[in-house]
Amino acid sequence: MDAEAALLRVRNLTVDLPPGAQRQHAVKDVSFDLAPNEILCLVGESGSGKSVTGRAVMGLLGRTRLRISGGEIAFRGGNLLEANAARMRALRGAEIAMVFQEPMTALNPLMTVGAQVAEALRTHTSLSRGQRRARVLELFAATALPDPERIYDAFPHQLSGGQRQRAVIAMALILDPQIIIADEPTTALDVTTQAQILRLIKDLQQARRTALLFVTHDFGVVAEIADRVAVMQNGSIVEAGPAAEILNNPRHSYTRTLIGAIPKLLPRRSRGRKEAPHVLAVRNVSKAFGASKQLRAVHKVSLDLRQGETLGIVGESGSGKSTLARCVMRLMDPDSGDITLDGCDFAGLPHRELRTHRRKIQMVFQDPYSSLNPRVKVGQLVAQGPLVQGTPRAEAFATARELLNLVGLDERAMDRYPHEFSGGQRQRIGIARALALRPAVLVADEPVSALDVSIQAQVLELLDQLRHRLDLAMLFITHDLRVAARVCDRVAVMQRGEIVEMGETIDVFAAPAHPYTRTLLSAVPGRAWETRRAST
C-alpha cells in the first residue's frame with residue numbers, strides 16, 4: 001500500500017510490559033498502514049499483542065500497567081502518542097471508534113441502550129433531544145435491530161447477545177468515524193449470529209467507506225471479511241500481506257500453525273460401539289420458565305448415550321442446549337420426563353440422595369476463569385470431589401496428581417493457584433477436576449468457546465484422548481459446528497428447545513435433512529475458503 005494514501009500509519013510501536021512479566025514487551029516494533037475503506041485483520045493468539053495494539057491507537061492504555069516506550073501512530077497529520085487528553089477525548093468516537101469483545105461489559109447496565117448510544121451525540125453535537133433519538137433509531141434500523149423503538153428504551157440485560165453487539169456497533173458508528181477498531185466482536189456469538197454480525201460490519205463499512213482494524217484469532221473470520229492481514233506472535237508482526245495470499249500461501253510457520261488449528265468441517269466416522277451399554281437415557285424431558293411456564297426452554301427431548309461415545313448437542317444461543325445439560329446434571333429439575341443414569345432413575349432421585357449418584361456424572365464448564373475458585377490451590381480443587389465423597393486425603397491427593405499428569409500438567413501445579421495458569425491450562429484443570437470422581441458420563445458445556453483456536457485444538461485433542469483411554473461417555477454442548485465435527489460421533493441439533501435432527505455426525509453434515517441444520521452449516525465462518533482448502 002502507498003503510505004501516502006494511508007489514513008492511519010503505525011510505525012515501530014513498542015509497548016512495555018510491567019517488570020517481572022514473561023517478556024519485556026507486549027508489542028515490539030509493530031508497523032502497519034490502514035487505508036480508507038479497507039479491512040485489516042490483526043490475527044494472533046491471546047497474548048500476541050493484537051488487542052494492546054488496538055487500544056494503543058485509541059489511547060486506552062493509560063490506566064493499565066502497560067507503557068508505550070516508542071514508535072509513532074500518525075493520524076490526520078499528527079502523532080496520537082503526543083496528543084493531549086483533550087485531543088484524545090475529542091477524537092474517540094468522533095474520528096476513531098471501538099467495538100469491544102463483550103457487549104455486556106461495554107454497556108452500562110443502569111442506562112437504557114438508546115440513551116447510551118445517544119450520549120455520544122449529546123457530547124459531540126448540538127442536536128436536540130428529539131433529533132438525537134431520531135438519529136439513533138435510524139441507526140438501529142440500519143444495524144438490523146428489530147423494533148428500534150423498543151430497543152431504544154430497553155436495558156442491556158433485556159436484549160440477546162446478538163442484539164447487544166449490534167447496539168455496540170451502532171454506538172461505534174453514531175458519529176461516522178473514519179476508523180473503527182473491532183476487538184474480537186464475534187467471539188462469544190453462535191455461528192448464525194456471528195455470520196449476521198460479520199455481514200453487517202462489512203456492509204456498513206463499505207457503505208460508509210470506513211477503515212476497519214479487526215482483531216481476531218479466527219482465520220475463518222478473516223476469510224469472510226479481510227482485505228489485508230497482519231499476523232502477530234509474541235508482540236511482533238511475523239507476516240503481513242493481502243488476505244488471499246496469507247490464507248492460501250502462508251509463509252511463516254506460526255501462520256500455518258494457526259490455520260492448521262482451525263477445526264475442519266469434515267467429521268470422522270463414528271467411533272462409538274453399537275454393542276456398548278447405554279449409560280444415559282433421556283426420555284421426553286421438558287423445562288419451562290416464567291410465572292406461567294410460557295417460555296419453553298426444553299420440550300420433550302429424548303436421547304441415548306453409549307459408553308465410549310461422544311454425542312454433540314448443537315444449536316444457537318437460546319436453543320435450549322445448556323438448559324438440557326443442566327437438567328441432565330440435575331443442576332435444575334426438569335418439569336417432566338425421565339433421566340436414567342447408569343441404570344438409576346436420576347430424574348426421580350430426591351435432592352438428599354443426589355450427592356451419592358452425582359459422582360457418576362460430572363461437568364466441564366464453559367469459562368475456565370470463573371469456574372475455578374481463585375482462593376483454592378489446584379491440588380485441593382481437583383481432590384475436593386473425592387474428599388467430599390469420603391475418600392481418604394492421601395488417596396484423594398494422589399489421584400489429583402495422577403489426573404493433572406493425565407491432562408498434561410506436572411506435579412508442581414498442585415501448589416499453585418488458578419490465576420497462575422493460562423486459559424488453556426485452567427481448562428485442563430477443570431477437566432481433571434471433573435474426572436476425579438471417575439464418572440461414567442462427562443458433560444462438556446461449550447468447553448473451548450472461550451479459548452484461542454490453537455488452544456482449542458489442544459483441549460479438543462485431550463478430550464478425545466481421554467474419551468478413548470477412559471472409555472468415557474461424553475455429552476458435548478457447542479454452538480460451533482467445526483468443533484462438533486472434530487470430536488462428536490453423533491450430533492443432535494436443537495432449535496427452540498426441541499431436537500430437530502439427530503444422527504451420525506458425518507451423515508448429518510453431509511446431507512442435513514432439516515432446514516435449520518442447513519442454516520447452521522452455511523453460517524460457519526470461512527466455509528467456502530475451508531472447502532477450497534480441503535480440496536487442494
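**Close-up 1. Phenylalanine 346 is a buried residue, with a relative accessibility of 1%.** The model shown here and in the other views is predicted. Phenylalanine 346 lies in the loop that connects β15 with α13 (354-358). Residues up to four places away in sequence aside, phenylalanine 346 makes contact with Val328, Met329, Arg330, Ile339, Thr340, Leu341, Leu354, His357, Arg358 and Ile361. Between the C-alpha atoms of phenylalanine 346 and glycine 385 the distance is 19 Å, for a separation of 39 residues in sequence.

**Close-up 2. An open sheet is formed by four strands in the order β12-β11-β14-β15.** The strands pair in antiparallel fashion. At the edges of the sheet are β12 (295-306) and β15 (344-345), each of which pairs on one side only. Helix α12 (residues 321-329) packs on this sheet, where α12 touches β11, β12 and β14. The direction of α12 makes an angle of about 120° with that of β11.

**Close-up 3. Strands β11 (residues 278-289) and β14 (residues 336-341) run antiparallel and are joined by five bridges.** Serine 286 has serine 336 of β14 as its bridge partner. In general, the strands of a sheet pair through backbone hydrogen bonds, in either a parallel or an antiparallel manner.

**Close-up 4. The second largest pocket has a volume of about 580 Å³.** Its lining consists of 19 residues, and those closest to the pocket centre are Arg92, Gly93, Ala120, His124 and Met171. Two or more lining residues come from each of β6 (96-99), α4 (113-124) and α7 (161-173). The element that gives the most to this lining is α4, with five residues. Sorted by class, the lining of the second largest pocket contains 12 nonpolar, four polar and three charged residues.

**Close-up 5. Glutamate 95 sits in the loop between α2 (85-91) and β6.** Glutamate 95 counts as buried because its relative accessible area is 12%, under the 20% cut-off. With neighbours within four places in sequence left aside, the contacts of glutamate 95 are Phe75, Arg76, Arg87, Pro177, Gln178 and Ile179.

Note on methods. Residues are numbered from 1 along each chain as its sequence is written. This is a predicted model: local features need pLDDT of at least 70, side-chain atom pairs count only at pLDDT 80 or more; totals for chains, interfaces and linings use all residues. Side-chain values use heavy atoms; hydrogens and water are left out. On a 1 Å grid over the protein atoms alone, a cavity is a set of points where a 1.4 Å probe fits but cannot get out, and a pocket is an open set with protein on both sides within 12 Å along at least five of seven lines; lining residues have an atom within 4 Å of a point. Grid points are joined across faces, edges and corners, and a volume is the space filled by probe spheres set on the points. Ala, Val, Leu, Ile, Met, Phe, Trp, Tyr, Cys and Pro count as nonpolar, Asp, Glu, Lys and Arg as charged, and the others, Gly among them, as polar. Two strands pair if DSSP finds at least two bridges between them. Contact means heavy atoms within 4.5 Å. Axes are lines fitted to C-alpha atoms, for helices over the stretch in contact, and angles run from 0 to 180 degrees between N-to-C directions. Buried means under 20% relative accessible area, exposed over 50%, partly exposed in between (1.4 Å probe, protein chains only).
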